[in-house]
There are 4 protein chains.
Amino acid sequence: MTNQMDMSVFENLESAVRSYSRSFPTIFEKAKGSQLWDGEGNTYIDFFAGAGALNYGHNNDAMQEKLIDYIKSDGLLHSLDMATPARAEFLQKFNDVILKPRNMDYKVMFPGPTGTNTVESALKIARKVTGREKVITFTNAFHGMTIGALSVTGNSFKRHGAGIPLTYSIAMPFDDYMDGYDSLDYLEKMIQDGGSGIDLPAAVILETVQGEGGINAASFDWLKRVEELCRRLDIMLIVDDVQAGCGRTGTFFSFEKAGISPDVICMSKSISGSGLPMAVTLIKPEYDQWGPGEHNGTFRGNNLAFATAAEALNHWKTDEFSEAIEQKSELFLKRLNQFVEEYPELEAEVRGRGLMLGIASKKEGLAGQIAEAAFERGLIIETSGPDDEVLKMLPPLIIEEEAIVKGLDIIEESIKAVLGKEEAKV
Amino acid sequence: MTNQMDMSVFENLESAVRSYSRSFPTIFEKAKGSQLWDGEGNTYIDFFAGAGALNYGHNNDAMQEKLIDYIKSDGLLHSLDMATPARAEFLQKFNDVILKPRNMDYKVMFPGPTGTNTVESALKIARKVTGREKVITFTNAFHGMTIGALSVTGNSFKRHGAGIPLTYSIAMPFDDYMDGYDSLDYLEKMIQDGGSGIDLPAAVILETVQGEGGINAASFDWLKRVEELCRRLDIMLIVDDVQAGCGRTGTFFSFEKAGISPDVICMSKSISGSGLPMAVTLIKPEYDQWGPGEHNGTFRGNNLAFATAAEALNHWKTDEFSEAIEQKSELFLKRLNQFVEEYPELEAEVRGRGLMLGIASKKEGLAGQIAEAAFERGLIIETSGPDDEVLKMLPPLIIEEEAIVKGLDIIEESIKAVLGKEEAKV
Amino acid sequence: MTNQMDMSVFENLESAVRSYSRSFPTIFEKAKGSQLWDGEGNTYIDFFAGAGALNYGHNNDAMQEKLIDYIKSDGLLHSLDMATPARAEFLQKFNDVILKPRNMDYKVMFPGPTGTNTVESALKIARKVTGREKVITFTNAFHGMTIGALSVTGNSFKRHGAGIPLTYSIAMPFDDYMDGYDSLDYLEKMIQDGGSGIDLPAAVILETVQGEGGINAASFDWLKRVEELCRRLDIMLIVDDVQAGCGRTGTFFSFEKAGISPDVICMSKSISGSGLPMAVTLIKPEYDQWGPGEHNGTFRGNNLAFATAAEALNHWKTDEFSEAIEQKSELFLKRLNQFVEEYPELEAEVRGRGLMLGIASKKEGLAGQIAEAAFERGLIIETSGPDDEVLKMLPPLIIEEEAIVKGLDIIEESIKAVLGKEEAKV
Amino acid sequence: MTNQMDMSVFENLESAVRSYSRSFPTIFEKAKGSQLWDGEGNTYIDFFAGAGALNYGHNNDAMQEKLIDYIKSDGLLHSLDMATPARAEFLQKFNDVILKPRNMDYKVMFPGPTGTNTVESALKIARKVTGREKVITFTNAFHGMTIGALSVTGNSFKRHGAGIPLTYSIAMPFDDYMDGYDSLDYLEKMIQDGGSGIDLPAAVILETVQGEGGINAASFDWLKRVEELCRRLDIMLIVDDVQAGCGRTGTFFSFEKAGISPDVICMSKSISGSGLPMAVTLIKPEYDQWGPGEHNGTFRGNNLAFATAAEALNHWKTDEFSEAIEQKSELFLKRLNQFVEEYPELEAEVRGRGLMLGIASKKEGLAGQIAEAAFERGLIIETSGPDDEVLKMLPPLIIEEEAIVKGLDIIEESIKAVLGKEEAKV
């Protein structure tokens with residue numbers, strides 16, 4: 001109750017645009033690993049992980065130590081794109097641990113510390129390199145809130161916020177968008193047909209698993225074919241791995257198993273490891289045609305983020321972390337499939353890959369009610385999809401089995417409660 | 001020399017877009033107050049302050065303590081727009097220390113942690129509220145690198161990076177852009193003339209002192225007249241106080257002495273106090289017409305930044321800090337005016353307000369040569385303006401008199417060296 | 001030969017943009033009904049009809065008389081949108097003969113005398129009325145060469161001529177564009193899905209039979225479903241009947257048999273009857289929300305065109321003309337189907353409706369070769385389609401059976417000649 | 001009275017967009033030279049000349065004969081861009097009578113028969129040739145109603161009709177737009193300043209005398225300086241001579257006395273001589289980089305227009321016609337200046353050049369009242385300017401002195417009547 005009163009500061013002073021403090025109306029005071037605590041002594045399991053920004057969990061001990069040491073050393077906190085040891089360490093370690101072992105040759109750009117910054121930089125370089133303007137995007141894509149990124153984003157509510165017509169993008173059906181219809185045959189025909197009205201694009205931008213769009217996982221075969229199409233038609237391929245990257249789907253990059261080699265890769269969210277703002281844009285050397293400072297930004301040198309980012313890369317020195325994600329994913333999937341079977345009233349299906357999972361229900365509003373009921377029972381979980389029809393699970397990748405089970409139990413209780421309420425209504 | 005070798009990691013692994021590591025080619029290991037140290041034991045006076053992001057200096061003791069305490073408490077580092085004590089504390093303190101005493105009534109929006117994010121959010125809300133698309137911007141404006149913000153930015157090199165035509169903006173002459181010509185008479189005539197081809201805009205966006213554009217300070221009278229024009233023609237007024245705000249020109253908001261009341265205010269850079277990424281958009285309540293989540297972003301809840309931001313506000317509890325800035329400004333101005341007089345070969349003039357100052361030279365390349373020479377002598381200083389013709393001084397506001405004098409001495413030496421070299425050439 | 005020399009005036013003085021004088025390289029001196037004569041005494045059958053602008057044939061006697069009488073009477077030739085008896089007569093007769101008998105209630109707008117003018121006016125009013133910007137267009141659509149109309153046109157060569165990105169349009173698959181796939185299910189899903197990235201459009205614009213796009217006839221069922229979709233989603237329906245209208249497909253409006261009621265109808269080409277420049281935009285009264293002069297143009301009052309347009313409407317006083325078109329169409333279709341069967345080397349199919357017919361060949365360049373061979377043999381015929389793969393037949397609707405047979409004989413000879421040449425090559 | 005009833009056909013059947021039939025509410029049955037007659041026997045002097053489309057007067061005898069002969073000869077009325085003797089004759093004669101004697105080397109493009117078509121083609125070729133998108137236009141410019149042309153048009157009412165944001169154009173102050181301020185210094189500074197926000201444009205488009213914009217005549221010196229600026233900055237210069245060309249200002253091209261050589265020239269309105277729809281775009285050979293058919297249109301071959309256009313060129317074989325225009329202009333100017341002096345209540349000034357003249361009054365609504373009063377007295381005259389503040393005089397160039405005097409007498413009477421009424425009110 002005290003806590004509820006405290007929420008008034010947000011209601012009185014913050015803009016109406018705030019959203020999560022409405023879904024999760026309590027003040028969170030502490031967090032560790034996969035748990036959070038509010039000011040009233042309530043504990044919450046985290047199936048949300050900062051919308052994918054906390055893959056390594058909250059307040060990882062090693063990272064905390066790194067942060068405190070860095071601060072105590074009077075290292076630069078803010079350095080734009082000046083050289084610092086923290087920046088150098090990240091660059092070197094990212095190359096050694098991530099790029100080299102995967103035979104990937106990319107230049108690392110620090111475009112500003114957010115997902116929308118990396119997407120904007122990716123679109124800019126693709127347009128600059130090709131001299132073309134249009135970009136192919138897919139249904140239910142989400143790439144960010146600034147005008148360039150918003151133009152390639154699908155959600156009509158967010159698009160409407162722009163206040164200007166969003167142009168230079170061409171929306172195409174994502175994998176499996178239309179039952180029994182091959183979306184890439186259509187895409188290829190539209191691009192190659194000199195009469196289609198579709199101009200040859202600079203690039204295709206995609207998420208391998210769409211998070212905000214409703215946990216839609218493209219098949220590896222589809223991704224492979226997109227890449228092949230891009231090569232054949234001389235179109236640049238941008239993978240926005242902001243949410244699906246950093247291990248979220250089981251491998252560091254979400255597209256590794258598809259065996260594709262994007263021309264530009266966008267990373268943010270969990271790249272800093274600690275939830276501190278950071279983003280990188282990976283660009284194949286031949287396309288790194290920027291002039292010095294042609295794209296810049298004040299917060300390209302968040303050294304605390306570099307410090308924890310380097311620490312986080314230790315997870316990727318062996319395959320163990322990746323394997324653990326797969327095991328946890330199976331644990332989730334088994335149970336989620338059970339839910340769908342046992343509660344046919346959900347009219348639901350399971351979606352996703354790795355620890356980027358969802359239950360999509362055809363019943364309007366149901367996913368939201370379950371999320372709400374789960375919050376009351378101590379689980380942080382959100383919905384996604386154009387109609388918020390998907391109960392979206394993004395637990396920290398380091399989550400322990402016990403917490404998974406507990407979280408899933410809460411979901412099952414919440415399903416029961418919501419369905420019971422539904423029944424009661426009838 | 002070892003240090004120089006170390007720079008190779010940036011050259012090899014980082015994108016060609018990097019710029020400051022070219023101007024200041026050394027690895028900075030430590031910083032405190034108004035000084036930096038590189039790995040070779042060199043000390044540098046800071047007349048740059050992270051391009052205005054470090055108004056309170058590097059590694060302020062109290063802020064460091066706040067950071068370490070926060071980390072040790074396992075407080076949430078990343079919270080999107082969920083409620084946390086750190087967010088609440090910032091909101092309350094910002095209201096109590098900044099808004100209320102100035103009789104300002106604004107809702108606080110956290111638009112994502114960078115300058116370009118706050119500008120994009122400002123443009124979006126202005127367009128949404130008015131239902132119009134075009135925005136008046138001024139010559140030599142700089143508002144950011146994402147497509148929305150870049151559209152209202154003047155610099156042609158940066159604009160070219162967009163790869164698409166930048167539209168929906170109308171560039172107008174800034175105060176004093178044309179000798180002996182009143183830019184606002186022109187602006188008003190163009191907007192009011194039904195035949196001018198200038199559509200009624202949603203908003204006017206401006207910096208009261210243009211930093212990147214060459215340290216051009218608008219007169220208070222001009223600002224007052226812009227506001228009056230906006231009111232009369234029902235146009236929203238956006239002040240981008242990202243660089244000029246947080247005390248840079250002597251008062252917390254750069255427009256306080258002009259007595260204007262912008263409809264939307266963009267803040268970032270030094271708002272966190274510590275150089276950590278953070279931004280806020282202040283919106284008059286009647287224009288806060290966002291739907292929940294209509295503009296969002298992963299890093300709207302950088303709690304370490306909130307913690308230091310609240311700490312930084314302590315500077316503003318009395319007028320002392322403000323008065324000290326004015327005194328330091330006078331110290332600078334006296335000496336800069338001396339330079340201009342004593343070295344007529346500079347063909348220069350002094351520009352700016354508060355501790356946002358510059359010497360603009362008509363001699364091509366001269367400002368850059370002086371900055372380079374100054375760096376060699378232990379001063380971090382950059383240039384700005386469309387042709388990099390302005391030696392730009394943005395020292396931390398907390399800089400001590402001794403450091404000021406030392407920095408100015410270095411500038412004078414550098415001027416002499418460069419002019420000497422110039423003479424030697426002839 | 002003399003004639004060939006005379007062509008030099010065009011080569012020397014006219015822009016490189018000229019095209020038909022390249023395909024039909026002779027100087028045409030006379031024309032009557034369905035025949036043309038050049039300066040060397042050659043006679044040509046007309047299967048082209050001014051690209052659909054001469055549905056009533058060349059130099060109709062009654063129209064010639066009307067023209068001469070009008071000129072002799074010193075009637076105004078040019079009157080903008082001032083009132084003249086010729087304009088009044090056209091308006092009244094168009095209402096009496098065309099609109100009223102079909103139970104159609106439309107306001108008649110004179111938007112300027114060309115097809116692209118009527119399309120631009122249609123797009124403008126749809127955007128004005130709905131307050132939305134985007135317009136759905138279809139693959140292989142052709143609507144005109146000015147920027148508004150070009151934006152909804154498919155052909156990439158023509159689009160490229162714009163020199164600016166063409167925006168505000170969304171290209172969707174036309175009827176039967178993708179084998180076995182329902183293009184309207186796709187369109188509906190894309191529009192209704194709040195996450196598709198497709199903004200709710202102001203209007204759908206379509207040709208019922210695409211002429212330039214390759215003689216693609218939409219089924220009446222498809223058209224009916226498009227209308228139903230537009231009604232359901234509150235989207236305006238624009239039918240561009242510039243080429244398919246004025247009886248070309250058998251009825252005055254091309255969509256009559258589909259039973260639809262477009263919100264805006266674009267007419268030009270044969271609306272004047274004589275080939276003189278004229279266009280009208282028909283707008284449902286509730287959408288006629290123009291201010292006086294909001295769209296204007298110097299040549300909205302081409303009175304000679306009004307005079308012959310009124311005369312042309314006499315064809316529509318009974319059903320005879322319509323029935324004759326159907327009979328001629330059958331004559332054509334029977335023979336064209338024969339060609340396709342007898343010459344399988346053509347790899348062709350017959351397309352179209354009424355006297356808007358084509359043979360589409362999969363063999364690259366073949367249609368063009370046949371057209372060229374036909375011209376040498378005295379037949380004016382052109383190709384269309386994105387790869388000029390369709391031999392396009394648009395004879396004057398008044399063409400006599402004898403001329404049809406003669407023209408078709410020439411086509412058959414030309415097919416033989418071209419195929420023979422092809423064989424000879426092998 | 002019968003006549004008034006007849007107007008109902010327009011009110012009932014025609015779109016609300018009609019305008020001149022509201023200003024001149026009568027049905028015009030006949031016209032010859034500089035006079036019109038309505039159905040009630042009223043005679044009108046023509047100071048309007050079809051908004052500049054009837055420079056050679058109504059129903060010129062020689063042209064009428066040409067038309068009738070052409071029709072009787074069964075010459076092609078409609079020929080797209082096929083070769084016809086009429087087209088050849090025009091091309092040759094235009095070269096011989098107009099281009100060659102003026103040492104002008106241009107390719108002639110037939111872009112479709114209206115002013116907006118020629119402007120769209122000019123913008124397209126300039127963008128294609130330069131690879132740039134933006135075009136400089138001037139305050140109070142009028143270039144047409146299709147989206148490309150409308151984007152470079154100033155009038156806000158007309159712009160609003162577009163229903164989409166009009167972009168890719170940059171509005172700059174026309175000659176003398178701002179008292180005591182040099183608009184070209186400003187333009188040059190804005191283009192050359194790398195920080196102005198003004199992108200290097202493809203072209204500058206201008207009218208030498210703005211007709212719709214309020215009869216604003218640029219000085220020859222200003223035009224010369226614009227050309228020099230374009231050359232220096234590598235920008236294409238487009239002169240829209242649609243209204244000011246064909247002798248309207250005294251010479252065939254309006255810019256002859258300025259001694260400039262535009263890269264592209266747009267002509268329409270009086271180019272056909274008879275008021276029939278026709279337009280040409282003149283392009284310097286080096287910029288004629290169209291592909292065949294890259295810009296096309298159904299009515300590029302209006303042969304009746306070609307026939308009278310060739311006839312009209314006879315006026316230009318000697319200097320007599322030009323000299324006569326100058327004399328008539330003086331006659332007008334003398335009297336107009338008298339009006340301004342004798343009726344200071346008009347608060348007016350005289351504007352214009354040749355027979356493109358106006359009286360601009362500062363009194364709101366006055367010009368419109370005078371035009372209305374003049375119509376009642378038998379004079380066709382319209383207003384222009386952003387607020388319809390200019391009484392605009394565009395008599396046929398062939399007008400006889402007697403008609404001039406009579407028309408001017410009517411104006412004076414109308415002035416008196418309106419001022420009297422004004423006085424009466426007070």
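Is B:Glu349 buried, partly exposed or exposed? I looked it up: B:Glu349 is partly exposed, at a relative accessible area of 41%. My scale is buried under 20% relative accessible area, exposed over 50% and partly exposed in between, with a 1.4 Å probe and protein chains only.

**Ground rules**

I am working on a predicted model, where local features need pLDDT of at least 70, side-chain atom pairs count only at pLDDT 80 or more, and totals for chains, interfaces and linings use all residues. Residues are numbered from 1 along each chain as its sequence is written, chains are lettered from A and ligands numbered from 1 in the order in which they are written, and side-chain values use heavy atoms, with hydrogens and water left out.

**Salt bridges**

Side chains of opposite charge can pair when their charged atoms come close. I counted a salt bridge when a side-chain nitrogen of Lys or Arg lies within 4 Å of a carboxyl oxygen of Asp or Glu. The search of the whole structure gave 100 of them over all chains.

B:Glu349 pairs with B:Arg351, and their closest N and O atoms are 2.8 Å apart.

Next I took B:Lys392 and B:Glu382, which form a salt bridge at 3.3 Å, N to O. This pair links distant parts of the chain: B:Lys392 sits in strand E17 (residues 390-393) and B:Glu382 in strand E16 (residues 382-384) of chain B, 10 residues apart. Both residues are buried. Helices (H or I, at least four residues) and strands (E, at least two) are DSSP runs, numbered from the N terminus.

In chain D I found D:Glu256 bridged to D:Arg102, with 2.8 Å between the closest N and O atoms. The two are 154 residues apart, D:Glu256 in the loop between strands E10 (236-240) and E11 (264-267), D:Arg102 in the loop between helix H6 (85-99) and strand E4 (107-109). D:Glu256 is partly exposed at 27%. D:Arg102 is partly exposed too, at 24%.

In chain A, shared partners join A:Lys224, A:Glu227, A:Arg231, A:Asp263 and A:Lys284 into one salt-bridge network.

**C:Lys284**

I found C:Lys284 in the loop between strand E12 (280-283) and helix H12 (303-312) of chain C. C:Lys284 is buried, at 13%. Leaving out residues up to four places away in sequence, C:Lys284 touches C:Asp105, C:Tyr106, C:Arg231, C:Ser261, C:Pro262 and C:Asp263. Contact means heavy atoms within 4.5 Å.

**Helix pairs**

Axes are lines fitted to C-alpha atoms, for helices over the stretch in contact, and angles run from 0 to 180 degrees between N-to-C directions.

Helix H5 (residues 61-72) and H12 of chain C have axes that come within 9 Å and cross at roughly 145 degrees. Their contact includes C:Leu67 and C:Tyr70 of H5(C) and C:Leu304 and C:Ala307 of H12(C).

In chain D, the axes of H10 (residues 183-192) and H11 (residues 220-233) come within 11 Å and cross at roughly 10 degrees. That makes H10(D) roughly parallel to H11(D); angles under 35 degrees count as roughly parallel, over 145 as roughly antiparallel, 65 to 115 as roughly perpendicular and the rest as oblique.

**Positive phi**

Most residues other than glycine have a negative phi. I noted B:Ala51, with a positive phi near 55 degrees. B:Ala51 lies in helix H4 (residues 49-52) of chain B and is buried at 3%. D:Asn140 has a positive phi of about 65 degrees. D:Asn140 is buried at 9%, in the loop between strand E5 (135-138) and helix H8 (147-151) of chain D.
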